[in-house]
Amino acid sequence: MNTDKRKVVLIGTGMVGMSFAYALVNQGGICNELVLIDVNKERANGEAMDLNHGLAFAKSNMRIYAGDYKDCKDADIVVIAAGVAQREGETRLDLLQRNTEVFRSIISPVVKSGFDGIFLVATNPVDIMTRVTYELSRFGASRVIGTGTSLDTARLRYLLGDYFTVDPKNIHAYVIGEHGDSEFVPFSQVMLATKSVTEILADEKNDYKIEDMQSIEEQVRTSAYKIIKAKRATYYGIGMAITRIIKAILGDENSVLTVSAKLCGEYDSKNVFIGVPCIIGRNGVKEIVELSLTDEEKEKFQQSKTILDDSFNGLNL
C-alpha cells in the first residue's frame, strides 16, 4: 500500500457515493486525492467539478477528479458504492443477484490495474457483496471490508443515548450479524460507561424496561425501511459511516468498528462475511473482537450466518 499519499477511489457516484465524498471533503485531512469513477462518465465529471468548486470553503486540501480504472493502481482504498438502488419494500437480500452482475464488471478492471490496497464495500446486500468482492478479487480477507453494521451500531447508540439521557459516545453497544432483517443487539454486552445495561434494567430504583430495549432494537432494524418509504433512499448516514471507516484505515487508528469481515473460526463460524466488531487499522482488519454471547445470542448469530450462507451459495460466480 502506498504510504506517501492518501488516495481514495470511489466507484459509483450515486447518492451513497456522493454523500460519502461530500462528508470526506468536509471533515478534512483524511485523504489528499479523491478519484470518482462511474459508468456515466459525464456525471462523474460533473460531481468532481461541483466538489472542487466548494474546496475554498472546506477544511480539505484535496485533488478531486473523475477518472477510470487505471487510476486504482496506486490507490490506498477503493470504495464500491455502485449498484442498483433498493426499492420500497424490497429487502437487501432481494438486491443480491442484480448487484452481483454489476460487481463482475468492476472488480476485474480494478485488480488488473495493479491495485493492492483495501476494498471497502457499501453496496447492499453489503455482507454478501463484500464476500463477492473477496471471491472475485482473490485479495486477502483483511483487505476486503464491508460497511457491515457500522451504521446500525451508530443508530443503536444514538437511540440508547436518548433513552438513558447519556452522550451516545459513552454507550458501548453493537449491532451484529447481517446488515438486514436478521441483525440483532447482544444486550448482554451493552454498557453505559462501565456499567452493564442488564444490571441497570434489573435495578428497581429506576423506570427503565427491557421492553423498551426491544423496541429500540426494532427501531434500529427497521430504520432503513422507514427512511426509504419517506425519501426513497438512505445515503447521509452510510456516507458518514464510510468516511469514519476510511479515517480509521488511513489514520491507522486501531479503532473498533462493526464492519463486515470474514470469520475464520470466530463465533464458531468460517468463511462468511458478517457484521462484527473489528479492530481497523492501516492494513484493514487487524483483529476480530469476539464478544461473549449468551446461548440465545449465539443462536441468533448462527441464524443470521445461515441466511447469508444460503444466499451466497445460490450465486453462480
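Contact here means heavy atoms within 4.5 Å of each other, and helices (H or I, at least four residues) and strands (E, at least two) are DSSP runs numbered from the N terminus. The model is predicted, with local features needing pLDDT of at least 70 and side-chain atom pairs counting only at pLDDT 80 or more, while totals for chains, interfaces and linings use all residues. Residues are numbered from 1 along each chain as its sequence is written, and side-chain values use heavy atoms, leaving out hydrogens and water.

**Exercise 1. Determine how helix 4 and helix 9 cross, and which residues meet.**

Step one is geometric: the axes of the two helices, which are lines fitted to C-alpha atoms over the stretch in contact, come within 10 Å and cross at roughly 50°. Angles run from 0 to 180 degrees between N-to-C directions; those under 35 degrees count as roughly parallel, over 145 as roughly antiparallel, 65 to 115 as roughly perpendicular and the rest as oblique. Helix 4 and helix 9 are therefore oblique to each other.

Step two concerns the hand: the crossing of helix 4 and helix 9 is right-handed, a term used if the near helix is turned clockwise from the far one by less than a right angle, with anticlockwise giving left-handed.

Step three names the residues: Asp127, Ile128, Arg131, Val132 and Glu135 of helix 4 meet Leu308, Asp309, Ser311 and Phe312 of helix 9.

**Exercise 2. Identify the buried and the exposed residues of helix 9 and what the buried ones pack against.**

Begin with the extent: helix 9 comprises residues 295-313, 19 residues in total, and reaches 27 Å from its first C-alpha to its last, close to the 27 Å expected at 1.5 Å a residue, where the expected span is 1.5 Å times one less than the number of residues.

Next, apply the accessibility classes, in which buried means under 20% relative accessible area, exposed over 50% and partly exposed in between (1.4 Å probe, protein chains only). The buried residues of helix 9 are Glu297, Phe301, Ser304, Lys305, Leu308, Asp309, Ser311 and Phe312. They cover an arc of only 165° around the axis, which puts them on the same side of helix 9; the arc is that of the directions from the helix axis to the C-beta atoms.

Turned away from this buried side is a face with the exposed residues Asp295, Glu296, Glu299, Asp310 and Asn313. The packing partners of the buried residues are helix 3 (96-112), helix 4 (126-137), strand 10 (255-264) and strand 11 (270-281).

Finally, consider Gln302, also found in helix 9, which is partly exposed with a relative accessible area of 29%. Leaving aside residues up to four places away in sequence, Gln302 touches Tyr267, Asp268 and Ser269, and its C-alpha atom is separated by 8.4 Å from that of Tyr267, 35 residues apart along the chain.

**Exercise 3. Locate the residues with positive phi, Ala193 and Asn271, and the cis peptide bond from Asn124 to Pro125.**

For Ala193, phi is positive at about 60° although the residue is not a glycine; Ala193 lies in the loop between strand 8 (191-192) and strand 9 (195-196), and at 40% relative accessibility counts as partly exposed.

For Asn271, phi is near 75°; Asn271 has its place in strand 11 and, at 43% relative accessibility, is partly exposed.

The cis peptide bond from Asn124 to Pro125 has omega near -5°, and Pro125 is in the loop between strand 5 (118-121) and helix 4.
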